[in-house]
Amino acid sequence: MDSRFLGIPELVDVPTVAVVVDVMRAFTVAAWAFGQGAERIVLAESLDEALALKARHPEWVTLKDGPPAPGFDTVNSPGFLRSADLGGRTVVQKTTAGTVGALAVKEASLVLCAGFVVAEATARLLRTRACDSVTFVVTGEDGQADEDLACAQYIARRATGAGPDATEFLRRAGESRAAAELTEGVREGAHPDDVALCLELDRFPFAMVATLEDSLMVLRACAVPSLTDEAPA
């Protein structure tokens, strides 16, 4: 598998297969939303679009980066979201980097959104789809965020069937600028457990696939065959 690792500003063409990585915290939060029963996640272009969707669909759950704000039900934090009951709900998510990265590749044939919490399922899905070329979108810090790059590199190696020890990749993420900012309270709307939750390897058994549905970019959890299912009979 040929892998490219690009920041959002470096996306000059439409990839065939894109894996959009945001470890801290957009796609860790998305995975938790599905874990808490959400049916789907709408990735909003802007805060205004998120609020407009909420106005049309008051039952939808809206979340964003930063502190709590009028019109938004919660914040982009796995620590806060893990206690929410989202059974059958639609979530609207707008973040600084993750949702922007997914929308930047919305024309790709396959768009996966990932963090460490769904790393193995994401890699398995790439293997089952026999993807020859994959563009990993490193969303944070214009492609320089080491937590996102480490996760992308780990998934890329797992997707080729390699079995790398995750320890070094998780260490890099844990020592990243984003982790420090969350730990030190630089980023508002953070829970004390957010970094630890973002570094839980393979917490969830599903991958997350984003597709265009009626002009909206919609993320859904996707069951992936187990390793035993992949093996020849």
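Two strands count as paired if DSSP finds at least two bridges between them. Strands (E, at least two residues) and helices (H or I, at least four) are DSSP runs, numbered from the N terminus. This is a predicted model, in which local features need pLDDT of at least 70, side-chain atom pairs count only at pLDDT 80 or more, and totals for chains, interfaces and linings use all residues. Residues are numbered from 1 along each chain as its sequence is written, and side-chain values use heavy atoms, with hydrogens and water left out.

Take strand β4 (residues 61-64) to begin with. It pairs with strand β5 (residues 74-75) in the parallel sense, over two bridges, and with strand β6 (residues 90-94), also in the parallel sense, over four bridges. Lys64 has a bridge partner in each: Val75 in β5 and Lys94 in β6. Both faces of β4 are covered, with Val61 and Leu63 buried on one side and Thr62 and Lys64 buried on the other; buried here means under 20% relative accessible area with a 1.4 Å probe, protein chains only.

Now for the helices. The axes of α5 (residues 119-128) and α6 (residues 146-159) come within 8 Å and cross at roughly 45°. That makes α5 oblique to α6, because angles under 35 degrees count as roughly parallel, over 145 as roughly antiparallel, 65 to 115 as roughly perpendicular and the rest as oblique. On the α5 side, Ala119, Glu120, Thr122, Ala123, Leu126 and Arg127 meet Tyr154, Ile155, Arg158 and Ala159 of α6, where contact means heavy atoms within 4.5 Å.

How values were computed:
Axes fitted to C-alpha atoms, helices over the stretch in contact; angles between N-to-C directions. Buried < 20%, exposed > 50% of the residue type's maximum accessible area, 1.4 Å probe, protein only.
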